Amino acid sequence: MLLPRKQLQRSKLFVSFAGEEGLDYSGPSREFFFLISRELFNPYYGLFEYSAVDTYTVQISPLSTFADSPHEWFRFAGRIIGLALVHHCLLDAFFTRPLYKMLLRSKCDLSDLRYEDEQFYQSIMWIKDNDITDVLDLTFSVNEEMFGKIEERELKPNGKNIAVTEKNKKEYIERMVKWRVVRGTREQTNMLIRGFNEVIDLRLVSVFDANELEL
């Protein structure tokens, strides 16, 4: 980022396309953000994926770690989101609720899972609302599929050897929520937030919640 954050926030954005003449009265700027976001957040390119609940909200893909220069791409994506917000331009992309909350540095909770995976959310809710004694055989670990290979991830140190009980299931649910939201995308998420904060001062958006940021 060549310009300091304050200058990016205060400067007028001028966009022109090769072969086209004329001044930017916001039309080219809006088109620029629309076109670049359509490509940048397109699941076809592997950085993002559709959520499990629909085919229009996107979230960071765990497979993005295998993309070329993923950290640079997510930092760039964060800047684009920030610039669009500063210049009041819409993006051709809709994100999951947890992603908006992470941009705001807000903590995700169980209710946010329904925006990523309704079936997973219902499963966790069943555990929360029912006595699991002698019903479920769970440990503080989870199986994760990557390129067709199943790998076991521990939710806490030695988690695969710690049984989930009625007494400790609250901790299990909290750790499952954290795992499902991040799910192998911690570094990518941090770079997205970094790029966003290079343009947007967190204090300026801290008054908003995820719903308001989405609008």
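Colleague: What makes Asp 92 and Arg 38 a salt bridge?

Modeller: The definition asks for a side-chain nitrogen of Lys or Arg within 4 Å of a carboxyl oxygen of Asp or Glu. For the side chains of Asp 92 and Arg 38, the N to O distance is 3.1 Å. So the pair qualifies as a salt bridge. This is a predicted model: local features need pLDDT of at least 70, side-chain atom pairs count only at pLDDT 80 or more, and totals for chains, interfaces and linings use all residues. Residues are numbered from 1 along each chain as its sequence is written, and side-chain values use heavy atoms, with hydrogens and water left out.

Colleague: How many salt bridges does this rule give?

Modeller: The count comes to 16.

Colleague: Which parts does the pair of Asp 92 and Arg 38 tie together?

Modeller: Asp 92 lies in the loop between helix 3 (70–86) and strand 3 (94–95). Arg 38 lies in helix 2 (residues 27–40), so the pair links parts that are 54 residues apart in sequence. Helices (H or I, at least four residues) and strands (E, at least two) are DSSP runs, numbered from the N terminus.

Colleague: Why is Asp 92 called partly exposed?

Modeller: Buried means under 20% relative accessible area, exposed over 50%, and partly exposed in between (1.4 Å probe, protein chains only). Asp 92 has 29% relative accessibility, so it counts as partly exposed. Arg 38, with 41%, is partly exposed too.

Colleague: How do you know that Arg 183 and Glu 49 form a salt bridge?

Modeller: Their closest N and O atoms are 2.7 Å apart. Arg 183 lies in the loop between helix 6 (169–182) and helix 7 (186–197), and Glu 49 in strand 1 (residues 48–50), so the pair ties together parts 134 residues apart in sequence.

Colleague: Is Arg 183 buried or exposed?

Modeller: Its relative accessibility is 17%, so Arg 183 counts as buried.

Colleague: What makes Arg 180 and Asp 117 a salt bridge?

Modeller: The closest N and O atoms are 3.6 Å apart. Arg 180 lies in helix 6 and Asp 117 in the loop between helix 4 (97–103) and helix 5 (118–129), so parts 63 residues apart in sequence are tied together. Both Arg 180 and Asp 117 are buried.

Colleague: Why do strand 2 and strand 3 count as paired?

Modeller: Two strands pair if DSSP finds at least two bridges between them. Strand 2 (residues 57–60) and strand 3 have two bridges, in the parallel sense, so they pair. The bridge partner of Val 58 in strand 3 is Phe 95.
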